[in-house]
Amino acid sequence: MGSKWITNNTEKYLSYLAYLLDKIVPMTQVVAVAGEPVYLPCDIATQDEEDAVLLVLWYREDLGTPIYSVDARERDFGVAERWSDESVFASRAYFLPERRPAELGVDRVKASDQGVYRCRVDFKQAQTRNSRVNLTVVVPPNKMVITDDKGDVKQAIVGPYIEGDTFTLKCDVTGGRPRPWVKWFRDEVETDTPATPLSGNGVRGVLRVGPLTRLDVRAAFTCRASNHARAHPIETTLTLDMNFPPLTVHILGSNQPLSASRRYDLLCQSSGSRPPASITWWKNGHRINNAKETLSTDGNTTTSTVSLQLTKSDAGAKLACRASNPQMPSVPALEDDWTLDIQYVPETVVRLGTNLDPTNIREGSDVYFDCNIKAHPYVYKVEWRHNGKTLLHNVGQGIIISNQSLVLQGVGRKTAGNYTCVGFNAEGDGESKPFSLNVLYAPTCRSSQQRVHGVAKQERAHITCHVDANPPEVTFRWTFNNTANSNEVSDTYVSRAGTSSTVTYTPHTEMDYGTLLCWARNRIGQQRVPCVYHIIAAGRPDQVHNCTVVNASLTSFGVRCSEGFNGGMPQSFLLEVREIVTQEIVANVSSAVPRFTAVGLNPGRTYAAAVLAYNAKGRGDPYPLRAGTLRPPEKHHVHDKSLDLPRTAFQMSASMSVAVGGGIILMVVLILFMIAVKQRCAKRKPRSAPPPSSQPASPDKLREKEDSESDDRNPDIIPSDTDQMQMDYYRQQQVSTISPPLGSRGPRGSVAGVRGGLPAYCPLRTAPPPTHGNMHEPTIEEGYSYGVLFVQNAGIPPPARFASGSCTLPRGGSVTGTPGGEARCGIPLQHLRTLPRPATAATAAPPNAPRVPPRDTPL
């Protein structure tokens with residue numbers, strides 16, 4: 001009973017003391033946020049300089065013992081002993097005596113640190129001082145939960161929603177002292193937020209959003225809660241996610257023509273879809289799968305690229321591009337389509353006229369073609385080609401082009417070949433497949449054949465006749481003509497290979513030399529003009545002519561000549577270069593053509609050159625000429641000053657000048673006198689010059705041996721007066737055949753201005769002499785066979801050496817009895833370019849002239 005009374009009285013006493021303290025001791029209000037440092041003030045200042053603080057004690061009113069002390073009773077206050085209760089502040093408390101007023105600092109204040117604290121200060125002289133501090137600890141809210149209409153907790157993203165949707169967000173905040181407040185912000189703009197208290201000192205803030213539009217996408221909704229201005233608020237931000245269907249879809253560059261067979265990268269763009277649209281390509285309802293998609297940096301535009309190589313068959317096809325949102329399958333896709341306009345290179349086909357048979361088109365008939373064209377855009381030009389060469393409208397040549405038709409009038413073998421038509425439009429030029437025009441024609445003699453064959457007696461020759469014919473199935477017929485008769489060639493001597501036929505022929509007598517005629521026939525018809533081949537006695541080639549020196553240098557020069565008749569056999573050419581004095585050969589060059597280059601010569605020298613032709617029968621007459629190399633440039637020696645010697649000045653006197661001038665005049669007079677004497681001697685010296693001729697000798701002309709040696713010299717050569725060696729080059733060695741009648745001098749035939757005759761070149765033969773010895777006037781028997789005139793000279797006796805075989809063909813002769821006094825050789829001009837000039841009455845020898853024996857030169 002007594003102890004209970006004492007306890008009750010003690011509590012009452014303490015309550016009374018607290019009341020007294022509240023009335024007497026001042027109190028300071030301090031607010032701190034949990035987790036932050038707090039400073040509790042305590043005044044320890046003294047008014048007397050000799051006074052000092054001995055002891056500082058901190059109490060918490062709910063505890064009876066000190067919780068922190070600073071003891072300076074036995075030492076200086078600067079090094080006073082500090083103590084902190086481990087159950088209250090422990091190491092978080094520290095005293096700051098230097099501040100005014102002094103403060104007790106507490107780090108990381110806790111919610112349990114809230115209370116009333118008293119500071120007691122004992123001085124050395126002054127009375128003890130007490131002060132109180134009411135510490136209020138603010139505890140921020142520590143938990144926030146946001147839920148949607150479905151009760152799902154949202155942390156960063158809310159949605160996705162579509163346009164027109166509405167939704168509600170609830171923000172629940174718990175914990176904290178005092179009760180926190182809750183606010184909603186949209187893009188940092190505060191909205192009206194109704195709050196509802198929750199149990200446990202919590203609170204709920206509600207936000208209602210909608211209806212949504214495209215502008216609401218990515219909107220930021222923030223729930224923020226706090227309970228003190230100094231306390232850091234807690235917040236959660238949600239971003240609104242929305243799905244949108246595509247707004248637009250376009251095929252870029254649509255409705256433009258495209259070229260066939262070219263590859264195009266077509267683009268389709270769609271924008272406004274969230275998430276990005278899925279784009280697909282379709283052609284006539286069939287999906288194209290090789291498309292590639294790219295996304296813009298803002299994610300709003302999707303570009304799809306498809307690579308297509310279109311053809312002509314795609315013209316009019318529907319190409320579609322569809323854009324859809326895969327997250328919104330219920331929304332129909334947007335589509336942009338394009339009707340393809342395909343342009344292509346013209347497609348052309350050549351058609352022969354409907355009433356023409358391509359297998360039976362004969363030479364001389366008319367042919368026409370049509371060009372069928374398919375093109376888009378249509379052609380602006382049509383061109384016809386023959387064997388790749390463009391044909392032009394030319395009525396004179398039988399080529400008529402009208403629009404898309406080609407007419408060929410009077411077709412021939414040259415007209416045959418491949419014909420194409422070409423159409424031109426903006427896409428290019430399209431050429432048709434070639435149409436082969438096959439023109440049938442009768443055989444004709446092929447050009448570039450060997451028309452003259454030199455054959456020796458008892459020598460087997462193979463004469464080949466080449467013809468052009470279509471169709472090439474041909475048969476051949478050969479005849480042999482001479483001055484006496486015309487005979488068919490037996491088939492045993494004839495062989496055939498394709499469009500060629502070969503006769504094996506061996507002349508035995510002079511009558512076996514003549515003209516072979518070749519005819520061919522196919523189903524179109526017979527050859528109109530035969531192929532003519534002249535069989536002559538083989539001989540040496542003629543002399544070359546028109547030789548010139550070209551490209552002279554220090555050590556070489558070139559010689560160019562024109563070749564003469566080859567004697568009926570293949571010929572080659574030889575250039576000999578000799579020293580003029582010693583006649584030593586310094587260069588010997590052979591060639592298949594008369595073109596030579598002599599090298600390795602000495603500079604500044606003149607040489608004697610000779611060009612001659614040769615074949616299997618021997619050498620022709622040489623063509624002499626002189627040629628020289630260039631002189632080397634003069635050398636300029638460098639002046640050596642070391643050779644200079646002191647010399648005295650030289651001055652010419654007046655008398656010396658007169659003497660020098662007189663000497664020069666005398667020398668000039670002497671030189672002029674010598675020139676005059678030399679010219680007079682040259683005029684007096686006899687010279688054998690060739691007869692004048694307007695043009696150089698032709699190799700295709702029959703030549704005749706003259707009585708005088710000067711008549712046989714080449715008119716292209718000018719004889720030299722100083723070198724007798726050059727005179728030997730002018731000596732002609734002709735091949736004599738049948739000599740003219742005694743006392744007659746054959747004319748020097750001239751065709752196209754060419755002097756001289758053609759040796760051993762005439763297909764006509766003289767008939768054998770009559771058996772009686774009486775001389776009578778010559779008679780002429782003329783007969784025409786395919787344009788060939790046959791002449792028989794019955795009154796020309798054979799020469800003395802006829803039987804030896806060295807004389808084979810007539811060189812020329814005098815024949816009378818023809819109209820106009822002319823005698824013609826039996827070779828048609830279209831087959832032999834060079835003929836002997838006929839003898840006239842003026843040039844014919846009188847009948848009673850004495851006979852002169854023929855002068856023959858051996859082969």
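**A close look at Thr168**

Modeller: Happy to! Setting aside neighbours within four places in sequence, Thr168 is in contact (heavy atoms within 4.5 Å) with Thr147, Asp148, Asp149, Val206, Leu207 and Arg208. This is a predicted model, in which local features need pLDDT of at least 70 and side-chain atom pairs count only at pLDDT 80 or more, while totals for chains, interfaces and linings use all residues. Residues are numbered from 1 along each chain as its sequence is written, and side-chain values use heavy atoms, with hydrogens and water left out.

Thr168 belongs to strand β12, residues 167-174; strands (E, at least two residues) and helices (H or I, at least four) are DSSP runs numbered from the N terminus. With a relative accessible area of 16%, Thr168 is buried, a word that stands for under 20%, with exposed over 50% and partly exposed in between (1.4 Å probe, protein chains only).

Now for the nonpolar cores, meaning sets of buried Ala, Val, Leu, Ile, Met, Phe, Trp, Tyr and Cys residues joined through side-chain atoms within 4.5 Å. The largest has 30 residues, and Leu40, Ile44, Val56, Trp58, Phe77, Phe95 and Leu135 touch the most other members. Elements giving two or more residues to this core include β2 (38-42), β6 (93-96), β7 (102-106) and β8 (115-123). The biggest contribution comes from β8, with four residues. Beyond four places in sequence, the contacts of Trp58 include Leu40, Phe95, Leu104, Tyr117 and Val133. A second, separate core of 23 residues has Val158, Leu212, Leu238 and Leu240 among its members.

Next, the sheets. Strands β2-β7-β6, in that order, form an open sheet of three with antiparallel pairing, where a pair needs at least two DSSP bridges between the strands. Because β2 and β6 each have a single partner strand, they stand at the edges, with one side of each left without a neighbour in the sheet. The twist averages 25 degrees from one strand to the next, using axes fitted as lines to C-alpha atoms and angles from 0 to 180 degrees between N-to-C directions. Four bridges join β6 to β7, and Ala93 has Val106 of β7 as its bridge partner.

Another open sheet of three strands runs β47-β48-β51, also with antiparallel pairing. Here Thr548 has Arg560 in β48 as its bridge partner, and four bridges join β47 to β48 (residues 557-562).
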